[in-house]
Amino acid sequence: MVMQFADLHLHSSYSRATSKNITLDEMARNARLKGLDILGTGDFTHPVWIKELRKDLSDERGIYDYDNIKFILTGEISLVYTQGGKGRRIHYVLLAPDFSTVDQINAFLDKKGRRDYDGRPIFGFSSIELVDVMMSISKDIMVIPAHAWTPWFGIFGSMSGFDSLKECFQEKAKYIHAIETGMSSDPSMNWRLSALDDVALVSFSDAHSLYPHRLGREATVFDLKEINYKNIVNAIKNKEILFTVETSPSYGKYHFDGHRNCNFSCSPDESKNLRNICPKCSTKMTIGVLNRVEELADRPEGFRPKDAPDFKSLVPLTELIALQYGQAVFSKK
């Protein structure tokens, strides 16, 4: 067995609230430091970043390479639209096989809005149209709902999400082969929904900086005879994943219910007793991932589907040291 660690959801310096030090040099250096073999480029929709990628990445047998780290062309977009009488805000990770395909994706997006203001641009069309157009461009494109359970921008999120992939995509749901668990959920939580048995559960960092406690904090691990785009996508489609690396769900800021402005969080049981009202300001709390999973689950806690890939639950070492000393992660101590 040869394990290949992949982090396919991260951002460039052209996304909002990201480090300005994200370059291909630093991505490759920090990937080696963390033990990652395959990275997503992130932000292929941004005109300046895609120009840099086109100039510096070398194509090697169906996979891109920079300084001996393999790269897949990836990007994240945000869709804001109305469906079923409800406002929806959903984030998606897109995987593309080559620059020609990315050019076609960006040409379509240019008809829908601007791409130059943010590495994760916002558009006002539906998830159904997204999948329909992506499949018309290339069946090799992969559309993955990002951080699927987060309240505000996840496909199953409590604030603007759907109750199922079928509800979101309708007849196009057959083209969704994976969802990203996100930091506030792990596979064991997703196993409680029988409707997700046919899709792969993948994990990536959504890193906005290249610090070792950010990059690769969540990852998906493969056993590939040859690292190339086709083999990676087929492994995801066929659920041929060795395991995923997950942070503990309680580490994610959206795991519990709460009200950020009041610095208050609580378990679903306590939320029920409070009738979802913040005890500090008497306004509605945001319903978190744990509560939302419980709402949609049709299986008991602890259920595991047959042949489901394993997962490893980890917390970044830097976070543990900071907790032990009662210091901020970036403190000099």
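The model is predicted: local features need pLDDT of at least 70, side-chain atom pairs count only at pLDDT 80 or more, and totals for chains, interfaces and linings use all residues. Residues are numbered from 1 along each chain as its sequence is written, and side-chain values use heavy atoms, with hydrogens and water left out. Helices (H or I, at least four residues) and strands (E, at least two) are DSSP runs, numbered from the N terminus.

**Helices H3 and H4**

- Two packed helices are described by the angle between their axes and the distance between the axes.
- Helix H3 spans residues 99–110 and helix H4 spans residues 127–137; their axes come within 10 Å and cross at roughly 140 degrees. Axes here are lines fitted to C-alpha atoms, for helices over the stretch in contact, with angles from 0 to 180 degrees between N-to-C directions.
- The H3–H4 crossing is right-handed. A crossing is right-handed if the near helix is turned clockwise from the far one by less than a right angle, and left-handed if anticlockwise.
- From H3, Thr101, Gln104, Ile105 and Phe108 meet Glu129, Val133, Met134 and Ile137 of H4. Contact means heavy atoms within 4.5 Å.
- By class, this H3–H4 contact has five nonpolar, two polar and one charged residues. Ala, Val, Leu, Ile, Met, Phe, Trp, Tyr, Cys and Pro count as nonpolar; Asp, Glu, Lys and Arg are charged; the others, Gly among them, are polar.

**Cover over H4**

- H4 is mostly covered, with eight of its 11 residues buried. Buried means under 20% relative accessible area, exposed over 50%, and partly exposed in between (1.4 Å probe, protein chains only).
- The buried residues of H4 are Ser127, Ile128, Leu130, Val131, Val133, Met134, Met135 and Ile137.
- They pack against strands S5 (69–83), S6 (86–96) and S8 (142–145), and against helices H3 and H5 (165–169).

**Gln4 in strand S1**

- Gln4 lies in S1, residues 4–7. Gln4 counts as buried because its relative accessibility is 4%.
- The Gln4 side chain reaches the backbone nitrogen of Leu224 at 2.7 Å. A polar contact is a pair of N or O atoms within 3.5 Å; within protein, one must be able to donate a hydrogen and the other to accept it, and residues adjacent in sequence count only if both atoms are side-chain atoms.
- Beyond four places in sequence, contacts of Gln4 include Asp37, Ile38, Thr220, Phe222 and Ile227.

**Tyr66 in strand S4**

- Tyr66 sits in S4, residues 63–66. Tyr66 is buried, at 18% relative accessible area.
- Its side chain makes a polar contact with the side chain of Asp25, at 2.5 Å.
- Ala28 is 38 residues from Tyr66 along the chain, yet their C-alpha atoms are separated by 6.9 Å.
- Leaving aside neighbours within four places, Tyr66 touches Leu24, Asp25, Ala28, Asp56, Leu57 and Phe71.

**Cysteines**

- The whole structure has zero disulfides, a disulfide being a pair of cysteine sulfur atoms within 2.5 Å.
- Cys262 is in no disulfide; its nearest cysteine sulfur, that of Cys281, is 3.6 Å away.
- Cys262 is buried at 16% relative accessible area. Cys168 is buried at 0%.

- Most residues other than glycine have a negative phi.
- Arg275 has a positive phi of about 55 degrees. Arg275 is in the loop between H8 (268–274) and H9 (289–296), and is exposed at 73%.
- Asn276 is found in the loop between H8 and H9, with a positive phi near 65 degrees. Asn276 is partly exposed at 30%.
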